[in-house]
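Dear colleague,

Please find below the structure that I am handing over to you, together with its sequence. My notes on what was found in it follow directly after.

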Amino acid sequence: MVKRVFLFAAAIFVAALGCATPRAIAQEAKTVVLATTTSVQDTGLLDVLLEKFQAKTGYIVKPIAVGSGQALQMGRQGEADILWVHSPDDEKKFVDEGYGIERTTFAHNDFVLLGPAEDPAKVKGTTKAVDAFKKIAASGALFISRGDQSGTHKKELKIWKAAGVEPDKAHYIEAGQGMAATLNMANEKQGYCLVDRSTYLSLKKNLKLVILSEGDGILLNKYSLILANPQKFSKINVAGGRALFDFILSQDAKAIIIDFGRKKFGQQLFFYDYQPKQ
Amino acid sequence: MQFILDGIQKGIHLTATLDPQVMVIVKLSLFVSALATAIAVVIAVPLGSLIAIKKFSGKKLAIALINTGMGLPPVVVGLVVTLFLSRYGPLGFLHWLYTPIGMVLAQVIIATPIITGLSMAAVQSVEQKFFLQIIALGATTRQALWIVLKEIRLSVLAAVIAGFGSIISEVGAVMMVGGNIKGQTRVLTTAVVLETHMGNIDIAIALSLILLTMSFIVNLTLTFIQQRKAR
């Protein structure tokens, strides 16, 4: 019987091996680790782009969608070949410290301030984001923060700082999760929340929150690509990172990015800014 | 309320039509957890039996460690395995991070103490005298152990079921070690988390139904073998 248990285990083993997709057993030289932000993945843009890239080049990309803070941390440890992030101040620091090279800001969209339709803090129509944040702090309304050192979180902290107010700690929740999870929490708790427009549009069908403030210059959301510095880390896939870098900055990728979301959401989610050098 | 019913309906539909995207996830889940269970069994059953029958100093400590290991939090395992497998970690040369093999490793670490602990308890439940008798009749330790294991096969099988059940349903370790990459390391549990976040409740329910069904079928098969032998 024990023998049979082992035979059974062996049978499962073999069956399981049969299930393994060939892609699962990929050569390391062919894999590229892309450290990126949840907003790029949650919208589905990354899937479309990477599918094209992989079909074209034969590379296998491992996109690790975390907050920008964590993505940069992966870069500092040499765990990523290329980064797609949106936290400009941290990116500059990252490059200055020598971890990254060729930082290229190539796309943008914007952040919007969401809140319950009843709008307890009366921020609707406030054009300046800092004024909206002041009103939220003054009214003691609930605010849900990413709280994860992501690009969105950093932007939020920057606005609090620019507004010169501290959020009311008793009504300030740090979700510590990705954008979609945080947004769902804000929706359930009917709190205010800063979110990038692309994630908002992707999840809009499930949300009761509405846009209360948008369009301010401080709400601009810029995305950059950074290559890991091969002189800092020897184990980086230089060629693979470069191939993906070049692809995202190509006309093919531009066409995909500017078209993305038009059909599904009726509007463009990401605006492409990169101009190829002549 | 309606969205829950819709979700269940959609879930049944996705399951019944063997949706190709869903099937990739199902296959990978089965692959990772079945392989991990198989490896864990090979390590854990002999190990558990040996600890049960051998007398050695520090035995109580070893048992206490294994019992603690039975409750290893998957996220802790995930963190440690991720650190070890990272490029500049001690096992970085394997290039197992963000691969199914890395996920198998993490799950082996979770399942092994569970199966070890349960098979150890099973062997210990056999009368010490019985074991000594077999030895007295001229059997080697290994032969004696084999006979004892045959005797308690049902309990051993229960240990295997428990091990499999704990890892197929685990999310923390596979999320960290695998990275939840679409088409590469996305398994049922991590997909459920993602789809819930994305507000795709219907798909999340579908995947949950599949997870439950799969778990049920595997356990039913194992139980069937177990009970047939029990007669």
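The centres of domain 1 and domain 2 of chain A, taken over C-alpha atoms, are separated by 26 Å. Domain 1 of chain A covers residues 28–109 + 221–272, and domain 2 covers 111–219; these bounds come from an automatic or database domain assignment. Where the two meet, 20 residues of domain 1 of chain A are in contact with 17 residues of domain 2 of chain A (two residues are in contact if their C-beta atoms, placed from the backbone, lie within 7 Å). On the domain 1 side of chain A, the elements that contribute two or more residues are helix H2 (38–42), helix H4 (68–76) and helix H5 (88–96). The residues of that side of domain 1 comprise 4 nonpolar, 13 polar and 3 charged (Ala, Val, Leu, Ile, Met, Phe, Trp, Tyr, Cys and Pro count as nonpolar, Asp, Glu, Lys and Arg as charged, and the others, Gly among them, as polar).

Please note that this is a predicted model, in which local features need pLDDT of at least 70 and side-chain atom pairs count only at pLDDT 80 or more, while totals for chains, interfaces and linings use all residues. Residues are numbered from 1 along each chain as its sequence is written, and chains are lettered from A and ligands numbered from 1 in the order in which they are written.

Confidence is given as pLDDT, the predictor's confidence in each residue, from 0 to 100. Chain A has a mean pLDDT of 88, and 90% of its residues reach 70 or more. Within chain A, confidence is lowest in helix H1 (residues 2–19), with a mean of 58, and highest in strand E3 (residues 82–85), at 96. Over residues 20–26 of chain A the pLDDT is below 50, and this stretch has 11 contacts in the model beyond near neighbours in sequence. Where pLDDT is low, the predicted coordinates should not be read in detail.

Chain A holds 12 helices and 10 strands (DSSP runs, numbered from the N terminus: helices are H or I of at least four residues, strands are E of at least two). Of its 278 residues, 49% count as buried (a residue is buried if 20 or more other C-beta atoms, placed from the backbone, lie within 10 Å of its own). Among contacts in chain A between residues at least 6 apart in sequence, 76% join residues at least 24 apart.

One helix of chain A may be of interest. Helix H3 (residues 45–57) of chain A has 13 residues and reaches 18 Å from its first C-alpha to its last, close to the 18 Å expected at 1.5 Å a residue (1.5 Å times one less than the number of residues). In H3(A), the residues A:Leu45, A:Leu46, A:Leu49, A:Leu50 and A:Phe53 are buried. Seen down the axis of H3(A), its buried residues fall within an arc of 100 degrees, so they line one face of the helix (the arc is that of the directions from the helix axis to the C-beta atoms). Their cover includes strand E1 (31–36), H2 and strand E2 (60–65) of chain A, as well as helix H10 (238–248) and helix H11 (251–259). After H3(A) comes A:Gly58, with a positive phi near 85 degrees.

Chain B has 11 helices and 0 strands. Of the 231 residues of chain B, 45% count as buried.

Yours sincerely

Conventions. A residue is buried if 20 or more other C-beta atoms lie within 10 Å of its own, exposed if 12 or fewer, and partly exposed in between; C-beta atoms are placed from the backbone.
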